[in-house]
Amino acid sequence: MKYKDIQALSDEELAKKLDDGRAELFNLRFQMATSQLDNTARVKLVKRDIARVQTEIRARQIAAEKSAAQK
């Protein structure tokens, strides 16, 4: 998922995306441990998506703190 797409999501959608990504990563790791995973590159992509979502969540938190401090 592109960062521009992530920026367009609401806070609730970001939280859902983060939960889904973490669940998928858990399943991929489980499949890798049992040698059932065919596409190992998927793990890297899911980790990146999780990081992108976390980055956007944190950026929104910082922006909210800045706007609260300016008032």
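Biologist: In which helix does E56 lie?

Modeller: This is a predicted model: local features need pLDDT of at least 70, side-chain atom pairs count only at pLDDT 80 or more, and totals for chains, interfaces and linings use all residues. Residues are numbered from 1 along each chain as its sequence is written, and side-chain values use heavy atoms, with hydrogens and water left out. Helices are DSSP runs (H or I, at least four residues), numbered from the N terminus. By that numbering, E56 lies in helix 3.

Biologist: Is E56 buried or exposed?

Modeller: Buried means under 20% relative accessible area, exposed over 50%, and partly exposed in between (1.4 Å probe, protein chains only). E56 has a relative accessible area of 7%. That value makes E56 buried.

Biologist: Which residues does E56 touch?

Modeller: A contact is a pair with heavy atoms within 4.5 Å. Residues up to four places away in sequence are not counted here. E56 then touches Y3, I6, Q7 and L14.

Biologist: What pattern does the protein follow along the sequence?

Modeller: The protein has three helices and zero strands (E runs of at least two residues). Read along the sequence, the pattern is α-α-α.

Biologist: Why is the protein more spread out than a compact globule?

Modeller: The globule rule is 2.2 Å times the number of residues to the power 0.38. For 71 residues the rule gives 11 Å. The radius of gyration, taken over C-alpha atoms, is well over that, so the protein is more spread out, at 15 Å.

Biologist: What box do the C-alpha atoms fill?

Modeller: The box is taken along the principal axes. Its dimensions are roughly 55 × 20 × 15 Å.

Biologist: Which residues form the largest nonpolar core?

Modeller: A nonpolar core is a set of buried Ala, Val, Leu, Ile, Met, Phe, Trp, Tyr and Cys residues joined through side-chain atoms within 4.5 Å. The largest one has eleven residues. They are I6, L9, L14, L18, L25, L28, L37, V43, V46, I50 and V53.

Biologist: Which helices each supply at least two residues of this core?

Modeller: In soluble globular proteins, nonpolar side chains tend to be buried together. In this core, at least two residues each come from helix 2 and helix 3.

Biologist: Which residues is L28 in contact with?

Modeller: L28 is found in helix 2. L28 is buried, with a relative accessible area of 8%. Leaving aside neighbours within four places in sequence, the contacts of L28 are L37, R42, V43 and V46.

Biologist: And which residues is L37 in contact with?

Modeller: L37 belongs to the core. Neighbours within four places in sequence are again left aside. The contacts of L37 are L28, Q31, M32 and V43.

Biologist: What is the phi of S35?

Modeller: S35 sits in the loop between helix 2 (11-33) and helix 3 (41-70). At 68% relative accessibility, S35 counts as exposed. S35 is not a glycine, yet has a positive phi of about 60 degrees.

Biologist: How far apart in space are Q70 and K4?

Modeller: Q70 is in helix 3 and counts as exposed at 69% relative accessibility. In sequence, Q70 and K4 are 66 residues apart. C-alpha to C-alpha, the distance is 27 Å.

Biologist: How far apart do the centres of the positive and negative sets lie?

Modeller: Lys and Arg count as positive and Asp and Glu as negative, without His and the chain ends. Each charge is placed at NZ of Lys, CZ of Arg, CG of Asp or CD of Glu. There are 15 positive and 11 negative side chains. The two centres lie apart by 7 Å.
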